[in-house]
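Okay, thanks for coming, everyone. Let me put the sequence and the model up, and then we'll walk through a few places in it.

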Amino acid sequence: MPVSLHSSTGKASFDHIYDRPDPREYYARMAELDYQIPELAKPHFQRLLAEYRSATGIATPAVLDIGCSYGVNSALLRLDTTMTDLAGRYRGRDTDDTAALIDRDRQLLHTHDQLPGVRFIGMDASRPALDYAGAAGFLQDAVHADLESGDPTEAQRRTLAAADLVISTGCVGYISERTLLRVARAHGGKLPWMAHFVLRMFSFDPIAAHLETLGYRTERAPGVFRQRRFASADEQARVLNTLADNGIDPAGAESDGWLYAQLYLSRPKISVATEH
């Protein structure tokens with residue numbers, strides 16, 4: 001199929017699959033590209049949850065997923081499932097309407113939720129994706145906003161302020177320190193822990209520097225993580241050019257046909273000091 005590219009990043013644009021009333025087309029397209037970063041991120045998010053509980057004594061923290069789309073990270077964590085399994089759930093359901101899919105997902109969550117009590121908040125620019133994730137039960141609350149362009153409303157700020165942990169799996173690069181600072185400042189002094197998987201073509205250093213001014217310490221976890229296969233030769237060429245411009249060697253990674261990400265953990269300095 002023809003692939004359009006974002007002019008600012010050179011990455012393939014999938015905007016058309018985020019505006020569907022349910023995730024069938026989303027999972028079908030992601031399966032074609034072996035999209036796997038949410039699944040690779042899952043054990044790291046589970047570890048962060050455990051560390052947060054141990055450090056704070058809060059057993060059921062609230063998790064804000066920035067760029068959550070149809071509640072993918074919530075589904076993976078709460079159902080203890082895989083991207084392949086999720087794609088399979090929606091494959092071949094052509095005769096089902098959206099309401100039937102929502103009911104099916106709600107029933108599954110009712111019987112298989114691995115994180116009862118943990119509240120998932122989603123933030124995304126796609127209203128249809130947020131609506132589905134909320135109706136299906138993957139999200140308990142949602143913020144439909146573009147915080148790159150302006151501050152949250154008071155109602156949105158209150159929702160953001162409830163988050164104890166902030167996660168993302170690929171939205172950094174589309175969002176910048178403007179969004180993350182607005183999220184962090186929504187808490188009125190309390191700083192949520194953060195974990196962001198960031199494509200290697202984007203530098204997290206400027207964001208980390210801004211977060212430090214609020215009281216964060218950021219560290220990069222070891223290793224790199226496959227996000228997905230390139231959607232086209234043109235996308236790969238543009239990404240390789242961006243990596244070269246940034247002095248990043250793509251050998252054994254992007255040159256082999258995959259987008260790769262790195263994990264950045266940002267936690268309040270006081271909590272880091274307490275743990276050590």
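By buried I mean under 20% relative accessible area, with exposed being over 50% and partly exposed in between, using a 1.4 Å probe and protein chains only. Helices here are DSSP runs of H or I with at least four residues, strands are E runs of at least two, and both are numbered from the N terminus. Eight of the eight residues of H4 are buried, so this helix is largely enclosed by the rest of the structure.

Before I go on, the housekeeping. This is a predicted model, so local features need pLDDT of at least 70 and side-chain atom pairs count only at pLDDT 80 or more, while totals for chains, interfaces and linings use all residues. Residues are numbered from 1 along each chain as its sequence is written, and side-chain values use heavy atoms, with hydrogens and water left out.

Now look at both ends of H4. In the loop between strand E1 (62–66) and H4 you'll find serine 69. Its phi is near 45°, a positive value in a residue other than glycine. Serine 69 is buried, at 4% relative accessibility. Just after H4, aspartate 80 takes a positive phi of about 50°, and that's again a residue other than glycine. Aspartate 80 sits in the loop between H4 and H5, but at 49% relative accessibility this one counts as partly exposed.

Which residues of H5 are buried? They are Met83, Leu86, Ala87, Arg89 and Tyr90. They cover an arc of only 155° around the axis, which puts them on the same side of H5; the arc is taken from the directions from the helix axis to the C-beta atoms.

Next, the H6 and H7 pair. Helix H6 (residues 98–112) and helix H7 (residues 127–136) pack at an angle of about 45°, with their axes 8 Å apart. The axes are lines fitted to C-alpha atoms, for helices over the stretch in contact, and angles run from 0 to 180 degrees between N-to-C directions. H6 and H7 are therefore oblique to each other: under 35 degrees would be roughly parallel, over 145 roughly antiparallel, 65 to 115 roughly perpendicular, and the rest is oblique. On the H6 side, the contact uses Thr98, Leu101, Ile102, Asp105, Arg106 and Leu109, and on the H7 side Tyr132, Gly134, Ala135 and Ala136.

Aspartate 22 ties in here. Leaving out residues up to four places away in sequence, aspartate 22 touches Tyr70, Thr98, Leu101 and Tyr132. Its place is the loop between helix H1 (15–18) and H2, and it's buried, with a relative accessible area of 5%.

Then H10, residues 205–214. Buried here are Ile207, Ala208 and Leu211. Their arc is only 95° around the axis, which puts them on the same side of H10. On the other side of H10, Asp205 and Thr213 are exposed. The cover over the buried residues includes helix H9 (177–185), strand E5 (193–199), strand E6 (216–220) and strand E8 (258–268). Just after H10 comes glycine 215, with a positive phi of about 115°.

Notes
Contact = heavy atoms within 4.5 Å.
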